[in-house]
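Take a look at the chain below.

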Amino acid sequence: MQVHVDLCVVPLGVGVSVSNYIVACQEVLDEYGLAHTLHAYGTNIEGEYDTVFAAIKACHMKVHEMGAPRITTSIKLGSRTDREQTLRDKVLSVANKRNTPI
């Protein structure tokens, strides 16, 4: 089943800047071949359910390996069975209704 996930992984106990951890998670998502888009407070991911959640687990493992003693993660998950839809389709739908380019 295809899923869309909004993922926010926050390492705790590593100081104020977390960009190196975000880079590491982005590289994990690349290794898993998942389409993903970084935004200011997380990452949108689309792909097969099992692959997406395996990648999320790998992100956690990587962040711990980098020295984060704790991690808090927020996940929003969406799926549909009535038709195929990409994350870009969802954004375009709203942009078209507002008559605004993206």
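## The overall fold

Helices and strands here are DSSP runs: a helix has at least four residues, a strand at least two, and both are numbered from the N terminus. The model is a predicted one. Its elements follow the order β-α-β-β-α-β-α from the N terminus on. That gives three helices and four strands.

How big a box do the C-alpha atoms fill? Along the principal axes, the box is roughly 45 × 30 × 20 Å. The protein has 102 residues, and 28% of them count as buried.

## How the strands pair

Start with β1, residues 2-12. Strand β1 pairs with β3, residues 42-48, through six bridges, and the two run antiparallel.

Now turn to β2, residues 35-39. Five bridges join β2 to β3, and this pairing is antiparallel too. Ala35 sits opposite Glu46 of β3. Strands β2 and β3 make a hairpin, with two residues between them. Is β3 mostly covered or mostly open? Strand β3 is mostly covered, as five of its seven residues are buried. In a regular strand, side chains alternate between the two faces of the sheet.

## The nonpolar core

Which residues have the most contacts inside the largest nonpolar core? They are Val5, Leu7, Leu29, Leu34, Ile45, Val52 and Val63. The core has 17 residues in total. At least two residues of this core come from each of β1, α1 (19-31) and α2 (49-65). Helix α2 gives the largest share, with five residues.

Val52 shows how separate stretches of the chain meet. Leave aside its neighbours within four places in sequence. Val52 then contacts Val3, Val5, Leu34, Ile45, Glu46 and Gly47. Among these partners, Val5, Leu34 and Ile45 are also on the list of core residues with the most contacts.

## A buried glutamine

Gln26 lies in helix α1. Is Gln26 buried or exposed? Its relative accessible area is 14%, so Gln26 is buried. The cut-off for buried is under 20%. What does Gln26 touch beyond residues up to four places away in sequence? The answer is His36, Leu38 and Thr43.

## Salt bridges

Side chains of opposite charge can pair when their charged atoms come close. How many salt bridges are counted in this model? The count is two.

One joins the side chains of Lys76 and Asp6, at 3.8 Å from N to O. This pair links distant parts of the chain. Lys76 is in strand β4 and Asp6 is in strand β1, 70 residues apart. Lys76 is exposed, because its relative accessible area is 58%.

The other salt bridge is between Arg80 and Asp82. Their closest N and O atoms are 2.7 Å apart. Asp82 reaches 56%, so Asp82 counts as exposed.

The protein exposes about 6,900 Å². Carbon and sulfur atoms supply 53% of that area.

Which residues make the nonpolar surface patch of about 380 Å²? The patch is made by Met1, Tyr49, Ile75 and Leu77. Met1 belongs to the segment before β1. Its relative accessibility is 53%, so Met1 counts as exposed. The cut-off for exposed is over 50%.

Note on methods:
Residues are numbered from 1 along each chain as its sequence is written. This is a predicted model: local features need pLDDT of at least 70, side-chain atom pairs count only at pLDDT 80 or more; totals for chains, interfaces and linings use all residues. Side-chain values use heavy atoms; hydrogens and water are left out. Patches are made of residues with over 30% relative accessible area and no salt bridge: like charges are joined within 9 Å, nonpolar side chains (Val, Leu, Ile, Met, Phe, Trp, Tyr) within 5 Å. Accessible areas come from the Shrake-Rupley method with a 1.4 Å probe; for residues, only the protein chains shown count as cover. A salt bridge is a side-chain nitrogen of Lys or Arg within 4 Å of a carboxyl oxygen of Asp or Glu. Buried means under 20% relative accessible area, exposed over 50%, partly exposed in between (1.4 Å probe, protein chains only). A nonpolar core is a set of buried Ala, Val, Leu, Ile, Met, Phe, Trp, Tyr and Cys residues joined through side-chain atoms within 4.5 Å. Contact means heavy atoms within 4.5 Å. Two strands pair if DSSP finds at least two bridges between them.
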